[in-house]
Amino acid sequence: MNRLLARPGQYLSDHLRQVADKAKGLARHFGGESYAELAGLLHDLGKAEDGFQQRILRVQDGDSDSDSDRKPHCHHGASYLLNREPIQWPVAIAINGHHAGLHNRGDVDRHRGEPYKTKATDCEKRLTDDSPDYGIALPPQMLPDWLKGLSFLPNHQGEGWLATDLFTRFLFSALVDADRLDSEESQKTQDASLRSREWKPFDPQALLSRLESTLNDRAKAAREQGKASEDVLRIRQEVAQDCRNAASQERGLFSLTVPTGGGKTLASMLFALHHGALHNKNAPDHKKIRRIIVVIPYLSIIQQTVKEYRDVFETMEGYKDRLILEHHSQADNEPDTQESRNADGRYDLLSERRRLAAENWDAPIIVTTSVQFFDSLFSRRPAKARKLHNIAQSIVIFDEVQTLPPLMLQPILSVIGELANPRRPYGCSFVLCTATQPALEKTEDLPAGLDNVRPIVQRQKAAEHFRAMKRVEYDWPEENDYLAWDELAGSVVQQRIQQALIVVNTRKAARKLHEAVRQKLGPHPDGLFHLSTWMMPAHREEVLQEVKHRLSPESGRQGHERCILVSTQCVEAGVDVDFPAVWRAFGPYDSIVQAAGRCNRNGLMSPEHAIVHVFRPKDGKTPAGLYSTAISQTELLRKMGLATPVNPASFTDYFRLLYQLSVPDECGIQRARSRLHFEEVDSMFALIEKDTISVLIANQYVGETLEKTPGGQMYEQAQSRGRAKNKKSGFFTREDWRKIQPFIVNLPFHATKDKDANDKLEKAFNDADSGLYIWRGQYHGGLAGTGIDFDGPMPQEELVL
């Protein structure tokens with residue numbers, strides 16, 4: 001008799017037991033061991049059916065896995081649980097969605113009856129006949145004790161419903177990751193491409209020793225070389241000491257309010273490492289802090305932050321490329337079509353590799369985007385949720401927390417509060433960092449706000465820091481005073497020292513202004529630079545490095561070399577550049593102040609000589625929606641006489657005004673979460689414009705020379721993998737996805753509908769299901785390049801990026 005197979009070369013009973021063991025181990029960090037183990041034992045119950053076994057044998061014999069053979073195997077395990085007491089709802093939902101994604105609770109309930117009720121019983125019998133030691137034991141109750149004791153009121157009121165939503169997502173994540181890891185292990189001996197890097201264990205004490213040494217060395221060098229004023233150096237040291245002092249507090253919610261240039265990037269890491277080292281001393285293994293996750297809104301800050309951390313930590317012996325994971329690409333290779341939601345996954349080589357490539361955040365330090373972090377928490381899709389369980393027992397640093405979108409604030413603050421709640425098993429601490437601290441605490445104006453946020457730097461001391469670090473003066477425009485791009489370009493070029501940062505509200509405006517400045521500079525525009533998210537991250541990093549070099553007193557011209565940077569707001573929060581003058585298009589109050597943080601950053605000029613010119617663009621349209629609302633509230637704040645950036649309380653006032661207009665009283669996402677309507681939550685939650693595509697830049701022009709990018713070289717190599725007869729194919733591994741991120745640009749989805757743009761887009765690997773496109777149009781790289789050349793009308797912009 002042939003043994004039952006899970007996939008070619010692996011017995012089904014072995015796979016179920018191994019996934020159960022792995023899922024149990026992953027779930028112990030959030031109190032879900034027995035439930036995750038049960039999910040692992042039943043997730044592929046439907047594979048015991050004859051039809052599935054015949055399909056696997058055909059694939060094993062070299063036949064293709066046709067779409068007509070695809071039948072669901074996930075519903076069987078869910079039906080098995082729905083027909084037994086106590087009904088294991090969270091486990092059934094997780095099993096039902098482990099390939100096609102989480103479905104609404106009511107849709108899962110449809111599989112309780114026939115035909116899956118009988119099919120599930122038949123499959124269990126076939127499994128026990130195949131492997132007599134295979135057995136299923138149900139937990140004595142539907143929910144763990146900590147969750148069962150919460151309030152479950154009628155009409156889905158009470159904290160228990162939302163807590164159940166989050167617990168179900170964590171179970172789902174643990175099951176998906178365990179399933180993928182077992183598949184990877186069963187195949188990597190035959191395929192070297194599946195071997196992932198081995199991360200170093202998280203050792204906060206060792207990392208802390210290196211960071212403390214680095215901070216001492218940098219402070220000494222800055223003082224000796226005159227790189228920053230005494231006030232700036234003093235405040236950086238005071239902030240660092242406050243971080244050390246606050247680290248011994250219990251896990252939970254913290255805020256870190258530091259003026260721009262006050263050293264919060266390394267200070268927040270200092271707090272996290274002290275916090276982790278102290279809490280890990282006496283904690284049981286399953287409650288120890290396992291990693292630090294740094295969440296950042298803009299890719300430009302991610303690149304800078306990752307470099308900063310690598311310079312500090314990865315110079316330690318044995319740590320290079322084994323400590324920090326940079327994860328920001330929105331691309332994944334998991335199709336999300338109606339067909340894929342209702343069917344089993346394919347079992348050909350490429351489809352299997354696609355599933356295994358999803359990121360799982362198993363590194364000690366993760367640096368990621370707000371989009372990636374919250375997609376993990378609200379998405380229904382396996383590839384996005386796979387990494388979620390690794391958030392448990394972590395310290396999460398939110399950099400530039402003021403960028404959280406008001407329309408999504410209720411669900412975001414709800415899950416943050418749940419993860420940091422000491423009465424829950426997730427064991428997280430959150431550090432909310434910014435120079436422009438928003439009003440996120442619970443108040444009458446924001447009843448969905450956070451409880452018990454503890455300031456690392458006390459408010460009175462933070463106010464003193466802001467006063468001491470006053471480094472600029474603001475030049476505000478009159479109400480009807482507008483400036484054309486040509487006029488603005490002339491003003492910048494006529495400066496005695498041609499060094500300036502100009503920040504505008506949209507990418508189109510940045511392109512137009514850049515061209516206007518280029519025309520003013522004439523035949524020798526050397527020293528003019530451009531930054532926007534129409535440039536790939538590696539390109540932006542190249543430009544920023546040159547900008548920093550030209551601004552440095554050590555550049556060879558006493559820091560007076562021409563350096564004019566025209567940028568979108570991607571440069572203004574957290575990017576470590578120091579210009580003598582800044583122009584900022586009128587925008588939201590926090591954005592104006594963040595842009596000002598790039599002027600006289602190190603305090604080496606007197607404030608009256610460091611001017612932030614705020615202007616109203618005559619030629620640029622203001623983005624509609626929330627951005628326009630934020631600008632209106634900035635106007636109101638000024639009229640009220642409260643727009644005083646040296647007072648951190650002004651940011652609280654501004655965000656309260658903004659949240660009163662933009663945070664909805666009723667939240668459909670929270671209502672859908674309380675009903676376990678996962679598909680509805682997925683469709684409603686959009687941290688950014690969801691209809692975007694990820695585009696790999698394979699080639700670029702540097703001047704007149706056409707070059708293949710490193711991402712293009714990797715794509716060329718990947719095309720040779722899994723090549724089918726007479727057909728170009730291939731796939732990226734998880735390691736490949738990690739490495740190609742610096743060469744990916746995100747474009748609006750409607751670019752695929754525009755004929756000119758669509759002619760330049762090609763599906764990666766000629767695979768219609770791929771989540772990645774290849775750009776076949778022109779791309780202008782190098783220091784003078786502006787990125788993607790649309791060679792026609794540029795895409796419409798709904799958001800500022």
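Begin by selecting Cys 570, which is buried (under 20% relative accessible area, where exposed means over 50% and partly exposed lies in between, with a 1.4 Å probe and protein chains only), at a relative accessible area of 2%. Select Cys 563 next: this residue is also buried, with a relative accessible area of 0%. The structure holds 0 disulfides, a disulfide being a pair of cysteine sulfur atoms within 2.5 Å.

Before moving on, note that this is a predicted model, in which local features need pLDDT of at least 70 and side-chain atom pairs count only at pLDDT 80 or more, while totals for chains, interfaces and linings use all residues. Residues are numbered from 1 along each chain as its sequence is written, and side-chain values use heavy atoms, with hydrogens and water left out.

Now colour the chain by pLDDT, the predictor's confidence in each residue, from 0 to 100. The protein chain averages 89, and 89% of the residues score at least 70. Select residues 337-343, where pLDDT stays under 50. The model has 13 contacts (heavy atoms within 4.5 Å) for this stretch beyond four places in sequence.

Proceed to the open sheet. Helices (H or I, at least four residues) and strands (E, at least two) are DSSP runs, numbered from the N terminus, and two strands pair if DSSP finds at least two bridges between them. Four strands stand in the order β20-β17-β22-β21, with mixed pairing. Select β20 (744-748) and β21 (761-763): each is at an edge with a single partner strand, so one side of each is left without a neighbour in the sheet. Strands of a sheet pair through backbone hydrogen bonds, either parallel or antiparallel.

Select β17 (residues 692-697) together with β22 (residues 772-775); these strands run parallel and are joined by 4 bridges. Within this pair, Val 695 has Tyr 773 of β22 as its bridge partner. Then show helix α28 (residues 710-718), which packs on the sheet and touches β17, β21 and β22. The direction of α28 makes about 90° with that of β17; axes are lines fitted to C-alpha atoms, for helices over the stretch in contact, and angles run from 0 to 180 degrees between N-to-C directions.
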